[in-house]
Amino acid sequence: MSIRARKGENYELSVDLNSEYREKRKDAIKRTIASMTVGKDVSGLFPDVLKNMQTEDLEQKKLVYLYLMNYAKTQPELVILAVNTFVKDTDDPNPLVRALAIRTMGCLRAEKIIDYLCDPLQKCLRDENPYVRKTAALCVAKLYDLKPELVIDNGFLEQLHEMIADSNPMVVANTVAALTDIHIAATSQPGTSSSDPGLFHITTSILNKLLIALNECSEWGRVAILNALARYVAQDEKESEHICERVVPQFQHANGSVVLAAVKVIMIHMRGVRREDLTKQLIRKMAPPLVTLLSSPPEVQWVALRNINLLLQKRPDVLSNEMRVFFCKYNDPLYVKVEKLDIMVRLANENNVDALLSELKEYASEVDVDFVRKSIKAIGQAAVKIDAAAERCVNVLLELIGTRDIFRKYPSTYEGIIPVLCANLDELDEPEAKASLIWIIGEYANTIDNADELLGIFVDTFTEEAYPVQLQTLTAVVKLFLKKPDSSQHIVQKILNTATKDCDSPDVRDRAYIYWRLLSSDPGAAKAVVLAHRPPISIPRTTVAPALLEELLGEIGTLASVYHKPAETFIGKGRIGADAVRKGGEHEEDLFSTQKALQTVVAGQQAENLLDFDDSTGTEGQPSGLAATQVLSNTPAAANLLAGTSANPLDDLVSIFGNASMGPPATPAPAPLGAAAFAGLGGTQQPMSAALGAAPTPKPNGQQQQTDDLLGLF
């Protein structure tokens, strides 16, 4: 084996990089970059690559610059050796070389060469070639991110503001992008004042310059200018109208990002337009470009659909005549289909509901189970939204199980289809579908002859069902008992016993205890609570709060509008990461959380037994809320918690509970059931305590007592 082969690939590259032949050196640089691209460590070749920096070959220079940008952080001392070549290249007659040099110096992000960057940057900002000037403008923003005081001291910000009036629209666009980045970085710093030089205030004169450059720059330059226009606060209605009229032509652009940025500007400045005819005209012109976005690839479609969803919540009439363009295609991904379903329901009205129902009926026979469920749910939403179409929706849903919301909206209207629903009982396997049918059986128990048999199926498998099904079964059986007491004595006692003794869910147990106490103490109260009149449901017009909707409309085209959440909820500000924001918030809330925990302890000490419906003596004269917390903080354990010196916060909380006098009020023992137990439901007000007895209270461990079998007392 030769010596070179033993040395490895880096040794061969080093030899070729120092070759006397130019082509061999260039080929070695290419192989070095290829190795770097696939993740191999070629940082040891830094001096050898640096020697090839001074060359007339533009391609070779770009490759060397690429290598420098990648390894500048790991080799900061050696990067200083390249400074002279960078400075020399900024005076090169070729504008491409000058721009390449200043761009690379801005991307190196090595603090040791920052001071050497100022003089070349000053020259490039005043360069005669617009390509060099626009590159230098972005370099100022990168330098501000590294060392803001250096940018301010050298007057780079003043030069950028002067460059907004540049004759070249691309220079103007890059200048606006740089000033916007600096503005965002400045506002993210705590304690920023309105006079901070880093803030980018858009004046009327700057506005006119931006509007002039808008139609002549590249697509990404247009996005930068449109985002700046969205931040501008119009002085009066006339200025708002002027901005809208100048931005409307951008709707015809081929780039979806430009279209969404233009929509954002129009939506923001339309708030200041008072003329109804102009508003309608702008909304009408907004529809075609939004429809065009739906012919994009699926990923772009989804982003467009999320933004359209927001727009429809603010302006439902934007796409009122474009229902058919949202019909799902056979090859659409599921995430696109789901968004289209949501938008179709938003656009549904009396004129297009027949076409919508026909389309949704087709979707119900698709292979994708999730999509089928969402399609069926959309039919129910359409019935709730449009009163006149409810009967047609019910006819479509007759063979499907998903009609609980329709019964809530139109009680006592479509009871004739209940037998059809009950006939499909055995086919249900989803907890949500089971819960819906159980609700229907309980709600219409007085019209279903075999309601007790149907509910008995779920009572027998009560402990095996999902928690939502258990909760719904419990409520439905109690409804059945209140409506048909004579035939449902056995089933209600069985489910209350099962729910209070054998169920794992605290929610189900608590509800069972409350129902038991209600039924055993006051049948009138039980009827008032369980059989209370419920208002008809409706489809909410918006899925986000009005204030948040206005904020998100100002973020159209960004991740915030896609997630339908403010940017602060998923990214940090400036150079502060999301983890730092979360930790800072936790640190600030520590003391408040401790106070809240102590307040909860006090409330627990003073609270009565929730299952005790008897009158109990009050705690008059005792402090409550934060005042009680102050009293409680006198104990050593609470003082440790508040001071943050607690070695074991859990033990301290337990000791606070242990020192408190929390004797539970006495609970009556279960009463026997009488023969005329259910006479109270027949018109007289005899209490049901004779029927069900008092609700049992869970006993401490070691004190469990054997109770009588209440079922035999019937």
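This is a predicted model: local features need pLDDT of at least 70, side-chain atom pairs count only at pLDDT 80 or more; totals for chains, interfaces and linings use all residues.
**Whole chain**

Begin with everything shown and coloured by secondary structure. The protein has 38 helices and 0 strands. Of its 714 residues, 45% count as buried. Among contacts with a separation of 6 or more, 63% are made by residues 24 or more positions apart. The accessible surface comes to about 36,400 Å², and carbon and sulfur atoms account for 52% of that surface.

**Confidence**

The average over the protein is 76, and 74% of the residues score at least 70. Select residues 660–691, where pLDDT stays under 50. The model has 62 contacts beyond four places in sequence for residues 660–691. Then select residues 699–714, where the pLDDT is also below 50. That stretch has 17 contacts in the model beyond near neighbours in sequence.

**F46 and Y67**

Select F46 and Y67, a tilted pair with 5.8 Å from centre to centre and 45° between the planes. F46 is in helix α4 (residues 46–50) and Y67 in helix α5 (residues 58–71), so the pair links parts of the chain that are 21 residues apart.

Now show K337, which lies over the face of F371 at 4.9 Å from the ring centre.

**Helix α21**

Keep Y363 on screen and select helix α21, residues 353–363. Which residues of α21 are buried? They are V353, L356, L357, E359, L360 and Y363. Look down the helix axis: the buried residues of α21 fall within an arc of 165°, so they line one face of the helix. In general, an α-helix has 3.6 residues a turn, so residues three or four places apart point the same way. To see what lies against that face, display α20 (334–347), α22 (369–385) and α23 (390–397), which are among the elements covering the buried residues of α21.

**T175**

Go to helix α13 (residues 169–187) and select T175 within it. T175 counts as buried, at 0% relative accessibility. Show its surroundings: leaving aside neighbours within four places in sequence, T175 is in contact with A137, L160, M163 and I164.

**V248**

Select V248, in the loop between α16 (237–247) and α17 (256–269). Although V248 is in a loop, this residue is buried, with a relative accessible area of 12%. Draw a distance from V248 to V265: the two are 17 residues apart in sequence, and their C-alpha atoms are 9.3 Å apart in space. Apart from neighbours within four places in sequence, V248 is in contact with I266, L282 and K285.

**H564**

The last stop is H564, in the loop between α33 (559–563) and α34 (578–606). What is its phi near? The phi of H564 is near 60°, a positive value in a residue other than glycine. Most residues other than glycine have a negative phi.

H564 is buried, with a relative accessible area of 11%. Which residues is H564 in contact with, leaving aside its neighbours within four places in sequence? Select R306, N309, L310, Q313, V544, L548 and L552 to see them. For one of these, V544, draw the C-alpha to C-alpha distance to H564: the two are 7.7 Å apart in space and 20 residues apart in sequence.

Technical notes. Residues are numbered from 1 along each chain as its sequence is written. Side-chain values use heavy atoms; hydrogens and water are left out. Buried means under 20% relative accessible area, exposed over 50%, partly exposed in between (1.4 Å probe, protein chains only). Helices (H or I, at least four residues) and strands (E, at least two) are DSSP runs, numbered from the N terminus. The arc is that of the directions from the helix axis to the C-beta atoms. Contact means heavy atoms within 4.5 Å. pLDDT is the predictor's confidence in each residue, from 0 to 100. Rings of Phe, Tyr and Trp (its six-membered ring) pair if their centres lie within 6.5 Å; planes under 30 degrees apart count as stacked, over 60 as edge-to-face and the rest as tilted. A charge sits over a ring if NZ of Lys or CZ of Arg is within 6 Å of the ring centre and within 35 degrees of the ring normal. Accessible areas come from the Shrake-Rupley method with a 1.4 Å probe; for residues, only the protein chains shown count as cover.
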